[in-house]
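This report describes the fold, the packing and the surface of one protein chain. The sequence and the structure come first, and the description follows.

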Amino acid sequence: MSVAISGVRMIGQSGSAQHSRMRLTLRGKVTAAVVALCMAAGVVALASPERADSASGAVAVTSYTVQPGDTLWAYASRITPHGEDVSETVNELVDLNNLESTALVAGQRLIVPSE
């Protein structure tokens with residue numbers, strides 16, 4: 001019994017060299033097709049620009065210059081309307097300003113919703 005692999009010289013029982021080809025089974029063909037489709041979908045997903053949608057639409061904004069000693073939480077609690085969740089304001093400030101952390105630096109300008 002010999003195994004058929006494409007491009008490999010196999011020595012059969014007679015001792016002579018043979019060239020053989022690998023043949024895919026139906027299962028192998030289906031697997032190869034699925035892998036190819038997944039790769040194509042990945043390429044399309046990477047090449048397609050993402051669309052930025054906002055559920056609430058446009059937001060009126062103003063700016064604020066961070067003062068020495070300001071923290072994002074303290075500033076957010078000052079601008080959050082009474083009875084509303086300060087953490088939602090913090091999250092909105094992080095999103096609007098593309099902040100990688102909640103640390104602020106004196107002189108930094110923040111985009112702030114003017115609601």
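## Fold

Along the sequence, the protein follows the pattern β-β-α-β-α-α-β. It has three helices and four strands; helices (H or I, at least four residues) and strands (E, at least two) are DSSP runs, numbered from the N terminus.

This is a predicted model, in which local features need pLDDT of at least 70, side-chain atom pairs count only at pLDDT 80 or more, and totals for chains, interfaces and linings use all residues. Residues are numbered from 1 along each chain as its sequence is written, and side-chain values use heavy atoms, with hydrogens and water left out.

## Burial and contacts

Of the 115 residues of the protein, 18% count as buried. Buried means under 20% relative accessible area, exposed means over 50%, and partly exposed lies in between (1.4 Å probe, protein chains only).

Among contacts (heavy atoms within 4.5 Å) with a separation of 6 or more, 40% are between residues 24 or more positions apart.

Helix H2 spans residues 72–79, and its buried residues are Leu72, Tyr75 and Ala76. They lie on the same side of H2 because they cover an arc of only 100° around the axis, taken from the directions from the helix axis to the C-beta atoms. These buried residues pack against strand E3 (61–65), helix H3 (86–97) and strand E4 (109–113).

The largest nonpolar core has 13 residues, of which Leu72, Tyr75, Val90, Leu93, Leu110 and Val112 touch the most other members. H2, H3 and E4 are the elements that give two or more residues to this core, and H3 gives the most, with four residues. A nonpolar core is a set of buried Ala, Val, Leu, Ile, Met, Phe, Trp, Tyr and Cys residues joined through side-chain atoms within 4.5 Å. Not counting residues up to four places away in sequence, Val90 touches Leu72, Trp73 and Ala76.

## Salt bridge

The structure holds one salt bridge, defined as a side-chain nitrogen of Lys or Arg within 4 Å of a carboxyl oxygen of Asp or Glu. The side chains of Arg78 and Asp70 form it, at 3.6 Å from N to O. Asp70 is buried, with a relative accessible area of 14%.

## Surface

The protein exposes about 9300 Å², and carbon and sulfur atoms supply 58% of it. Accessible areas come from the Shrake-Rupley method with a 1.4 Å probe; for residues, only the protein chains shown count as cover.

Leu26 lies in helix H1 (residues 26–47) and is exposed, with a relative accessible area of 66%.
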